Amino acid sequence: MISKRSLKLSPMAIAIAMAHAPVHAQLDEEPRLEEVLVTGVKYSMTKAVEIKRDSKQIVDSIVSEDLGKFPDINVVESLQRIPGVQVTDRGAGEASVVSIRGLSDVTTTVNGRNIFTASGRSVALADIPATLVNRVDVFKTRSPENIARGIAGQIDIHTNRPFDFDEGLRVSAQVRGVHQEQAEETDPQLALLLSNQWETDLGKFGALINVSHTTTNFRDQGAHAGASFPFRTLDDPAGPLAQIGTEVGWTPGLDFGLPTAPGSTLDQNPNQEFLHWRDAMFNLDGRGERERPAANISLQWAPNESSEYTFETFYNGYSLESYNQLWFQFLNSPIYDVNDPIEIYDGTNVIRSRTMGDGFSFTSGDIGTQDTDSIMYALRGEWDLGGSLTLASELVYQDSEYEEFFWGQRVARIAPEFHVNTNSGDGVPVLDYDPSGSGSPATDATNPDNYWLDWGFFNENARDGDAITWTADADWDVEFAGFNLVSFGVRYDQRSASEAATIGYAGGPVDGSTLADLPGLTTSSTDEFYNGKDGVLQSWLVADEGFVRSNQSLLRDVYGFPQNPTLNTNFEIDETQMEAYVQGDFSYDVGNGFVDGRVGFRVLDVETDITAPDAAGGMVNDTSSSTEVLPSLMVRWGITDELMARFSYTETFNLPNFVDLNPYIDYVPDVTDIGYGTATGGNPGLEPVESENIDISLEWYFAEGSVLYATWFKRDITNDIVPFRNAVVVDVPNDVPDRGDYTYILSQPDNASDSSLDGWELGLTWFPELPGWWDGLGVQASYTILDSERNLPVLDAEGNITGFDKSSIGGVSDSSYSAILAYDREEFSARLSYFWRDTFYNNDEAALFANPLEVWRSEEESLDLQLTWNINDSWAVLFDATNLTEPEFHWNYGNNPELFNFHNYLYSRTYALGVRYNYGN
């Protein structure tokens with residue numbers, strides 16, 4: 001049933017709106033429109049255009065091509081088709097992080113309901129399978145009716161409901177096999193939808209169940225150069241190529257790092273010349289098996305034409321068993337071959353390659369298990385109270401739990417001699433353990449005789465969260481001064497979250513065990529690492545996954561770790577949110593066109609109670625509270641039937657993560673006589689991040705289902721949360737040992753930054769009228785230009801602000817684009833999609849090194865293909881391929897990929913073949 005907020009809808013948009021009205025879907029006197037039977041790629045792309053056209057917000061959508069057929073296997077992968085949306089953190093067989101116009105602060109909802117994972121404020125979007133999704137809306141501007149949290153925007157996921165379809169049985173089943181090329185595994189993906197509705201004397205009933213189960217075996221490979229430190233020059237009287245400590249006079253973690261010009265000296269010691277050299281290099285071969293079960297159940301009852309009730313439950317699970325084979329070689333040994341001179345980059349003091357010896361090396365078999373279970377129950381009622389007033393209310397309960405286990409098992413050796421080139425020309429470091437060609441067994445990285453049993457590492461943690469949410473929303477038809485609809489509502493949310501963990505157990509064997517006492521502990525890693533690239537170490541000795549998993553009791557005895565460790569509480573949080581909003585829709589005829597829009601505001605009051613342990617073994621309590629008033633104005637100008645302009649001014653905000661509010665402070669005393677201790681913790685005094693947003697767009701709908709548009713936008717963000725250091729003096733409680741009453745440098749998050757973002761989105765969707773077999777050819781293209789600036793405080797050793805540095809906002813590429821070529825016929829459809837984004841600043845490295853502080857990612861691209869062959873009305877064959885070009889992904893320090901290359905990754909190409917069966921109208 002259609003919300004009264006959907007004005008001037010085209011027939012195509014009405015059909016979509018009926019399947020899933022907005023959050024405040026209301027009853028109307030108009031009968032429900034029947035399901036549109038047109039399907040396919042063209043249907044999906046043109047429906048998205050009509051949704052964009054008819055919405056007062058700036059919204060872009062992805063619509064299922066057919067029942068059970070979302071454009072991609074992964075919802076996150078699909079979102080990169082939307083202009084202004086980028087996906088990052090590709091790995092483990094998928095992309096996992098979504099940003100809107102460069103900002104990753106996104107709120108995700110399911111059918112308009114806020115959803116989260118465990119103790120977080122957001123959901124792991126990749127955990128929601130595409131086979132349960134009917135449509136995804138990406139709101140780049142939001143009305144007061146929308147949840148206002150999330151600076152970047154809102155992603156609303158629509159699932160299927162029984163009243164979406166005609167009467168009678170509806171069945172959709174899908175089976176796929178997905179082949180991960182790097183892992184050399186083929187995994188099943190299964191989905192089933194059953195829906196029916198019945199007319200009875202008690203009204204109309206509908207029932208739907210949609211279940212899904214996906215399995216993914218993945219392999220990720222990375223070859224990495226470590227961080228940079230200052231080393232002594234070859235003629236230094238204190239010893240050539242020895243690593244220089246900070247006590248000699250240099251500052252780690254500078255924004256631009258130590259200087260790279262020939263003859264440069266330390267920033268605090270102008271008499272000490274130095275050379276840049278890496279502390280280590282390492283390879284990581286990561287494998288795992290992930291399972292995601294999911295289910296959506298929806299029951300609907302319409303006893304009459306003026307009321308409707310919906311009960312829904314949504315479950316998504318996640319299970320991962322991972323095995324990472326890490327090889328790590330330290331490069332800080334001063335021993336070098338005087339007959340093999342070092343290579344320095346021209347015009348710099350940065351060493352590129354050298355031969356060295358007696359280098360400590362270890363490998364680690366890292367075993368992990370992660371499990372998540374999240375479930376949501378919702379009961380919704382909608383009532384037409386008579387002509388001009390409709391009401392909707394719902395009660396929602398959700399619960400989410402997460403558990404994690406980790407064991408790292410190291411073995412170690414001393415490498416007698418090796419040659420290192422930190423950048424072989426494409427950012428990948430290479431190493432030769434036998435540069436002289438001696439063939440000695442001591443040079444073999446897979447020989448067990450060269451290794452000893454090294455440290456073990458172990459921890460467990462658990463996180464959980466739940467929430468009870470009640471909402472009531474009303475629409476009131478009015479005729480006053482151009483206003484035709486007034487909407488208002490309230491929302492009450494009671495949220496709790498907690499985290500607990502064992503202490504991090506680490507250490508060497510305590511019972512004298514050696515590798516010989518643990519037969520079967522080690523194995524050789526897989527050959528042909530990093531696609532067999534020349535110079536990259538192909539195999540190394542490492543702890544065997546099966547042995548470590550099946551011999552936990554034995555290994556805990558070897559290292560003296562407890563068999564059943566206690567999980568200690570990190571924090572417990574109870575939070576209450578109370579919200580209210582009012583908005584008015586207006587419309588005026590202007591010449592041959594119209595001006596309409598929406599104006600209103602949303603008020604939010606938040607109170608967060610936090611309990612956390614203190615250093616004395618007790619508990620400490622704190623409270624955080626805030627009140628926000630968020631105005632919104634949206635105006636559309638229908639210049640002609642085809643040309644529309646938009647303007648919007650909105651204010652949005654985001655709350656601090658729960659972990660950042662934790663009041664517990666961990667103090668580490670001054671044990672090296674540097675004059676101060678160090679401390680880390682959260683900050684219960686954090687305030688919400690706020691943003692003022694302006695969007696202006698011009699849209700030309702030159703043909704049905706086609707659009708050419710340009711949007712300019714700006715975000716001014718205040719109270720941004722960044723890491724911060726303060727100098728504090730601590731009064732030592734009598735019952736806290738080893739705590740000095742001197743100054744501690746406290747690192748904690750603070751509202752110490754402001755930032756701004758502006759840019760352009762350009763987009764085109766076009767299915768032209770073409771003759772013959774050319775008919776059905778279409779294109780979707782977008783180009784996004786971004787300019788960001790963030791003011792970061794510059795701090796001295798005691799945490800005093802000495803100035804501000806300007807940098808880019810993390811995750812923002814200056815430009816990105818996508819191009820999709822589509823072809824849609826009755827029996828066959830195809831889609832070829834290419835996505836590219838420019839370099840971008842990702843994060844700050846730990847402030848411990850001599851390289852630039854900022855970590856950057858190089859250009860990223862992806863080429864995907866989808867094919868569908870409709871054998872008949874019921875059966876279809878599906879083929880999907882992702883990451884066809886299989887590019888390397890490169891990271892570096894300071895946006896300087898030559899001198900300070902860092903990470904290099906290979907991610908798998910995938911192929912999927914499947915069949916889909918549909919039955920019913």
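This is a predicted model: local features need pLDDT of at least 70, side-chain atom pairs count only at pLDDT 80 or more; totals for chains, interfaces and linings use all residues.
Residues are numbered from 1 along each chain as its sequence is written, and side-chain values use heavy atoms, with hydrogens and water left out.

View 1. Helices (H or I, at least four residues) and strands (E, at least two) are DSSP runs numbered from the N terminus. Helix α2 covers residues 41-54, and its 14 residues should span 20 Å at 1.5 Å a residue, which agrees with the 21 Å between its end C-alpha atoms; the expected span is 1.5 Å times one less than the number of residues. Twelve of the 14 residues of α2 are buried, where buried means under 20% relative accessible area, exposed over 50%, and partly exposed in between (1.4 Å probe, protein chains only). Among the buried residues of α2 are V41, Y43, M45, V49 and I51, and also the charged residues K47, E50, K52 and D54.

**View 2. The surroundings of R909.** R909 is found in the loop between β44 (901-906) and β45 (910-919), and R909 is buried, with a relative accessible area of 15%. The side chain of R909 makes polar contacts with the side chain of E181, at 2.5 Å, and with that of E886, at 3.5 Å. A polar contact is a pair of N or O atoms within 3.5 Å; within protein, one must be able to donate a hydrogen and the other to accept it, and residues adjacent in sequence count only if both atoms are side-chain atoms. When neighbours within four places in sequence are left aside, R909 is in contact (heavy atoms within 4.5 Å) with H179, Q180, E181, T882, N883, L884, T885 and E886.

**View 3. Strand β44 and its partners.** Six of the six residues of β44 are buried. Two strands pair if DSSP finds at least two bridges between them. Strand β10 (residues 203-225) pairs with β44 in the antiparallel sense over two bridges, with G222 opposite Y905, while strand β43 (residues 888-893) pairs with β44, also in the antiparallel sense, over four bridges, with N892 opposite N901.

**View 4. Aromatic ring pairs.** Rings of Phe, Tyr and Trp (its six-membered ring) pair if their centres lie within 6.5 Å, and planes under 30 degrees apart count as stacked, over 60 as edge-to-face and the rest as tilted. By this rule the count comes to 38 aromatic pairs. The rings of F418 and Y433 have centres 6.0 Å apart and planes at 75°, so this pair is edge-to-face. F418 lies in strand β19 (residues 389-421) and Y433 in the loop between β20 (430-432) and β21 (452-480), so the pair ties together parts that are 15 residues apart in sequence. F418 is buried at 0% relative accessibility, and Y433 is buried at 7%. The rings of F702 and W766, with centres 6.2 Å apart and planes at 70°, also form an edge-to-face pair.

**View 5. Arginines over aromatic rings.** A charge sits over a ring if NZ of Lys or CZ of Arg is within 6 Å of the ring centre and within 35 degrees of the ring normal. The charged end of R413 sits over the ring of Y433, 4.4 Å from its centre, and R101 lies over the face of F713, at 4.0 Å from the ring centre.
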